[in-house]
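Here's a quick briefing to read with the model open in your viewer.

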Amino acid sequence: MAGTGEAKKEEADYKRLHSFPLIRHTDMPEEMRVETMELCVTACEKFATNNESAAKMIKESMDKKFGSSWHVVIGEGFGFEVTHERFYRAERCPLQTD
């Protein structure tokens, strides 16, 4: 019995560790980066089963707070090409949960 509880705790810890954004590169100021990370985590927790709603919440909040032209993509198994202006870009690497 104790082994089962411990395994569930380890699995929960693994999921929690791998469910938050991982920034590969950004040229955002530190304050903006922290705020963006918090917003992404909040939206993904609030809309855990609806990626479209989470992306909409993040985009609307970012547009309101930092100006328009933010693009938000949330999901699995997608690819994209990005061109950008020199400032305020964040790249996240996809998380593999095998």
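Does Asp63 count as buried, partly exposed or exposed? At 22% relative accessibility, Asp63 counts as partly exposed, where buried means under 20% relative accessible area, exposed over 50%, and partly exposed in between (1.4 Å probe, protein chains only).

Before the rest, some ground rules. This is a predicted model, so local features need pLDDT of at least 70 and side-chain atom pairs count only at pLDDT 80 or more, while totals for chains, interfaces and linings use all residues. Residues are numbered from 1 along each chain as its sequence is written, and side-chain values use heavy atoms, with hydrogens and water left out.

**Overall layout**

- The protein chain has three helices and two strands; these are DSSP runs numbered from the N terminus, with helices being H or I of at least four residues and strands E of at least two.
- Reading from the N terminus, the elements go α-β-α-α-β.
- Of the 98 residues in the protein chain, 15% count as buried.
- The protein chain exposes about 8100 Å², with carbon and sulfur atoms supplying 53% of that (Shrake-Rupley method, 1.4 Å probe; for residues, only the protein chains shown count as cover).
- Take the contacts (heavy atoms within 4.5 Å) between residues at least 6 apart in sequence: 54% of them join residues at least 24 apart.

**The nonpolar core**

- The largest nonpolar core has nine residues: Met28, Met32, Leu39, Cys40, Ala43, Ala54, Ile58, Met62 and Trp70. A core here is a set of buried Ala, Val, Leu, Ile, Met, Phe, Trp, Tyr and Cys residues joined through side-chain atoms within 4.5 Å.
- Helix 2 (30–46) and helix 3 each supply at least two residues of this core, and helix 2 gives the most, with four.
- Leu39, one of the core residues, touches Met57, Ile58, Ser61 and Met62, not counting residues up to four places away in sequence.
- Thr36 sits in helix 2 and counts as buried at 11% relative accessibility.
- Leaving aside neighbours within four places in sequence, Thr36 is in contact with Met28, Met62 and Phe66.
- The side chain of Thr36 also reaches the backbone oxygen of Met32 at 2.8 Å.

**Cysteines**

- There are zero disulfides in the structure, a disulfide being a pair of cysteine sulfur atoms within 2.5 Å.
- Cys40 is in no disulfide, and its nearest cysteine sulfur, that of Cys44, is 6.4 Å away; Cys44 is in no disulfide either.
- Cys40 is buried, with a relative accessible area of 12%, whereas Cys44 is partly exposed at 31%.

**Salt bridges**

- Side chains of opposite charge can pair when their charged atoms come close.
- The structure holds three salt bridges, counted when a side-chain nitrogen of Lys or Arg is within 4 Å of a carboxyl oxygen of Asp or Glu.
- Glu30 and Arg33 pair up at 2.6 Å, N to O; both lie in helix 2, three residues apart, which is about one turn of the helix. Arg33 is partly exposed, with a relative accessible area of 22%.
- Glu35 forms a salt bridge with Lys65, the closest N and O atoms being 2.8 Å apart. Glu35 lies in helix 2 and Lys65 in helix 3, so this pair ties together parts that are 30 residues apart in sequence.
- In that pair, Glu35 is partly exposed at 26% relative accessible area, while Lys65 is exposed at 53%.
- Lys59 bridges to Asp63, with the closest N and O atoms 2.6 Å apart; both lie in helix 3, four residues apart, about one turn of the helix. Lys59 is partly exposed, with a relative accessible area of 29%.

- Leaving aside neighbours within four places in sequence, Asp63 is in contact with Ser68, Ser69 and Trp70.
- Ser69 is found in the loop between helix 3 (51–66) and strand 2 (90–92), and it is exposed, with a relative accessible area of 59%.
- Ser69 has a positive phi of about 85 degrees although it is not a glycine. Most residues other than glycine have a negative phi.

Methods:
A polar contact is a pair of N or O atoms within 3.5 Å; within protein, one must be able to donate a hydrogen and the other to accept it, and residues adjacent in sequence count only if both atoms are side-chain atoms.
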